[in-house]
Amino acid sequence: MNGTGNFMEFDKEKYHLPDINKSTAAIIGLGYVGLPLAVEIAKKQDLLLKIFDAYRTSYVQERLWECLPDPNFIAPPNKGSPHSRGVAIDLTLADKRGNELDMGTGFDEFSRLSYHGCLDISAKSYKNRLLLLGIMIDAGWDFYRNEWWHYQLFNSKKFPIISNI
């Protein structure tokens with residue numbers, strides 16, 4: 001990887017993609033309503049949330065699909081992703097210094113090792129995943145069983161795909 005933190009080594013600045021801020025989040029939808037609560041719950045555990053991905057344009061979703069056309073991990077562009085609807089977030093936990101907790105795999109590890117409930121990771125990693133899952137569920141988020149890092153609003157498909165911001 002080139003330091004972008006994503007499997008495609010995708011540079012958002014190159015494509016002039018928007019930064020997520022309060023006004024943008026309001027336009028995108030309700031996907032960030034529970035995020036402040038999740039931040040506060042993590043703080044009670046002396047932890048931070050580190051965000052990898054949130055809103056994703058349709059163009060980016062198409063590029064992801066071109067690189068990895070696997071519906072177990074990437075939503076087909078014609079169906080739309082919760083990310084393209086502004087109601088999903090990919091994240092992990094970090095300590096107060098910003099060091100990511102061990103989750104057993106890296107972000108964007110597209111294998112069964114990324115599944116919630118995968119027992120082929122260390123006990124510590126499993127506990128860390130459960131801690132993240134508990135924080136996000138307590139804050140009102142739903143999870144995607146194939147990716148420990150992915151959380152979304154319940155009934156995410158009822159939200160429209162956002163083409164332009």
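Modeller: In this predicted model, a charge is said to sit over a ring if NZ of Lys or CZ of Arg is within 6 Å of the ring centre and within 35 degrees of the ring normal.

Biologist: What makes R145 a residue that lies over the face of Y115?

Modeller: R145 is 5.5 Å from the ring centre of Y115. The limit is 6 Å, and R145 is accordingly listed as lying over the face of that ring.

Biologist: How many aromatic pairs does a search of the whole structure find?

Modeller: The search finds six aromatic pairs. In one of them, the ring centres of F52 and F107 are 4.1 Å apart and the planes meet at 15 degrees.

Biologist: Why is the pair of F52 and F107 called stacked?

Modeller: Planes under 30 degrees apart count as stacked. The planes of F52 and F107 stand at 15 degrees, so this pair is stacked.

Biologist: What makes the pair of F52 and F107 a tie between separate parts of the chain?

Modeller: F52 belongs to strand β1 (residues 48-53), while F107 is in the loop between β2 (88-94) and α4 (123-138); the pair therefore ties together parts that are 55 residues apart in sequence.

Biologist: How do you know whether F107 is buried or exposed?

Modeller: Its relative accessible area is 14%, and buried means under 20%; therefore F107 is buried. F52, with 24%, is partly exposed.

Biologist: Why is the pair of W148 and W149 called edge-to-face?

Modeller: Planes over 60 degrees apart count as edge-to-face. The planes of W148 and W149 are at 85 degrees and their centres 5.3 Å apart, so the pair is edge-to-face. Both tryptophans are buried.

Biologist: Which residues do ring pairs link into a cluster?

Modeller: The cluster consists of F52, F73, F107, F110, Y115, W148 and W149.

Biologist: What is the order of the four strands in the open sheet?

Modeller: The order is β1-β2-β4-β3, with antiparallel pairing.

Biologist: Why are β1 and β3 called edge strands?

Modeller: β1 and β3 (142-143) each pair on one side only, and they are the edge strands.

Biologist: How do you know that β3 and β4 pair?

Modeller: Two strands pair if there are at least two bridges between them. β3 and strand β4 (residues 150-152) share two bridges, in the antiparallel sense. F143 stands opposite Y151 in β4.

Biologist: Which strands does helix α2 touch as it packs on the sheet?

Modeller: Helix α2 (residues 35-44) touches β1 and β2, and its direction makes about 140 degrees with that of β1. Helix α4 also packs on the sheet, where it touches β1, β2, β3 and β4.

Biologist: Which residues touch the most other members of the largest nonpolar core?

Modeller: Of its 22 residues, they are L49, I89, L93, L132, M136 and Y151. The elements α2, β2 and α4 each give two or more residues to this core. Beyond its neighbours within four places in sequence, L49 is in contact with residues including L35, V39, L91 and L132.

Biologist: How do you know whether N155 is buried or exposed?

Modeller: Exposed means over 50%. N155 has a relative accessible area of 55%, so N155 is exposed. N155 is placed in the segment after β4 and has a positive phi of about 55 degrees although it is not a glycine.

How values were computed: Residues are numbered from 1 along each chain as its sequence is written. This is a predicted model: local features need pLDDT of at least 70, side-chain atom pairs count only at pLDDT 80 or more; totals for chains, interfaces and linings use all residues. Side-chain values use heavy atoms; hydrogens and water are left out. Rings of Phe, Tyr and Trp (its six-membered ring) pair if their centres lie within 6.5 Å; planes under 30 degrees apart count as stacked, over 60 as edge-to-face and the rest as tilted. Buried means under 20% relative accessible area, exposed over 50%, partly exposed in between (1.4 Å probe, protein chains only). Contact means heavy atoms within 4.5 Å. Axes are lines fitted to C-alpha atoms, for helices over the stretch in contact, and angles run from 0 to 180 degrees between N-to-C directions. A nonpolar core is a set of buried Ala, Val, Leu, Ile, Met, Phe, Trp, Tyr and Cys residues joined through side-chain atoms within 4.5 Å.
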